[in-house]
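The sequence and the structure come first, and the description follows.

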Amino acid sequence: MVSVEHAARRVLAYVPYLLVLIDMRYEGVQCGREASVDHHMEMGKKLLAAGQLADALSHFHAVVDGDPKNYLAYYRRATVFLAMGKSKSALPDLSKVIELKPDFTSARLQRGNLLLKQGRLDEAESDFKTVLKSNPSNKEQKEAQAQLTKADEIQREVASASASFQQHDYLTAAAHLDAIIETCVWDVASREMRAECFIQMGETGKAISDLKATSKLKSDNTPAFYKLSTIYYSLGDHEMSLNEVRECLKLDPDHKQCYSHYKQVKKLNKQIQSAETLIQEQRFGEAVSKYEAVMKTEPNVLQFSLLAKERICHALAQNQEASRAIDVCSQVLQHQPENVNALKDRAEAYVQDEQYDEAIRDYEAAGKHSENDRQIKEGLERAQRLLKQSKKRDYYKILGVKRTAQKKEIIKAYRKLAQQWHPDNFQDAEEKKQAEKKFIDIAQAKEVLTDPDMRSKFDQGEDPMDPESQQGHHHHHHFHESHHFQGFNPFGSGPFNFKFNFN
């Protein structure tokens, strides 16, 4: 039997050989890893040169994972990030390069430029000064000096902007901030201050532009989304207000201001959408009631009152409620004289109310602000025809009915007037002659207004019974073809005959 001591000596005899094998295996792994890193680095450089940024980025990721201390891999990855417009991702890589190789002036200069664009002026100046102290190339020295000078100038602009803002001199503050943001394009603080200047100056469009930029530049920027939502709300844009406040709640579902505002905007938005559906379904009376509810939901924001009144004006005009439509449209136009929709709807209501001069005036005013609107052009032409027609004969007035009268009302009015003005009711020659003329007008009015095609033409300003109006048309009525008229008694007393001259 082999003793324990003898067995131990045999194991120890193999240790040198085992150590050699382990060392050889380690060197093989290391060589394989280095080869892989080199391969990824070369592929990344080629793809970057070819402009294939996404593919290059994946290779540089692999290099960093395989060799976390390879400062060139971080630098090249930062270059790709910058080319892709991802400066936030590039900045940590440049900082890592400087940590691994503090004398890498190109990386420090690049970081200084990014910090300057972000408005981090003190940090940017520190990088530029370090570059100047490190005996850089002539080109790098000139760039660092120029950027340092620019950073100093911006520091002065920042101080001036802040002083003007505190003094409520928003115009001057905005001018200083313009100069700052021209260089510090990613500076959130300057954009937020300029947005507030624009709000105070009433330039909400510019304020919205700056706030949208800050919502992208700064992560989880709930104040920007809330302010955007309230601005859109004050402008009466309920849909955009709802979109922005939802973005706020995505970031923070428990945000008190955003949640409270969200409930108000959502309720208002729902009412407006319901009202618009009613208008599309031609349920105009219900739409008016729904928009009146909108004004009660938000009585403090003028734009929503004007929006509601504009749509009420439209619904009333479509519902042939001319007098009410004219009144509501006029309320809108007192605040918004160039509101094209209100001008068009009031013009239509004026037409319905037979105030053709006023309708023409409104259509012409609307046309100045919307030159290519076909509806305005057609409405204006129609109002002009109706004005001209009103100076001749009006079949509605002849029968004494409204323009909205139904066929039954027209026939009833016709029968009453035909009985009254029937020529057989008159014995005096002069009276009979006048009755004949009156009776013909009544008969023609009835014929035009009970025929859908002829009534439509008349409503558009064209008289189907007027030969002058019918020039170029092939439609002729028998009233224009004969000087003899065979009348009839609409009450069943038999035919009658009389002659008359149309001239």
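## Disulfides in a predicted model

With 90 degrees about the S-S bond, the link between Cys-248 and Cys-258 is right-handed. Because Cys-248 belongs to helix α12 (residues 238–251) and Cys-258 to helix α13 (residues 256–280), this pair ties together parts that are ten residues apart in sequence. The sulfur atoms of Cys-248 and Cys-258 are placed 2.0 Å apart, and both of these cysteines are buried. It should be kept in mind throughout that the model is predicted, and that a pair of cysteine sulfur atoms is taken as a disulfide when the two atoms lie within 2.5 Å. By this rule the count comes to two disulfides.

The other link to describe joins Cys-313 to Cys-329, with an S to S distance of 1.7 Å. The link of Cys-313 and Cys-329 is right-handed as well, with 70 degrees about the S-S bond. Cys-313 is part of helix α15 (residues 302–318) and Cys-329 is part of helix α16 (residues 322–335), so that the pair, 16 residues apart, links distant parts of the chain. Cys-313 is buried, and Cys-329 is buried too.

The values for the two links are set side by side below.

| Disulfide | S to S distance | Angle about the S-S bond |
|---|---|---|
| Cys-248 and Cys-258 | 2.0 Å | 90 degrees |
| Cys-313 and Cys-329 | 1.7 Å | 70 degrees |

When the bonded cysteines are counted along the chain, the disulfides follow the pattern 1-2, 3-4.

## The chain around them

The helices named above belong to a protein chain that has 23 helices and two strands. Of the 503 residues in the protein chain, buried residues make up 41%.

Key:
Residues are numbered from 1 along each chain as its sequence is written. This is a predicted model: local features need pLDDT of at least 70, side-chain atom pairs count only at pLDDT 80 or more; totals for chains, interfaces and linings use all residues. Side-chain values use heavy atoms; hydrogens and water are left out. Helices (H or I, at least four residues) and strands (E, at least two) are DSSP runs, numbered from the N terminus. Buried means under 20% relative accessible area, exposed over 50%, partly exposed in between (1.4 Å probe, protein chains only).
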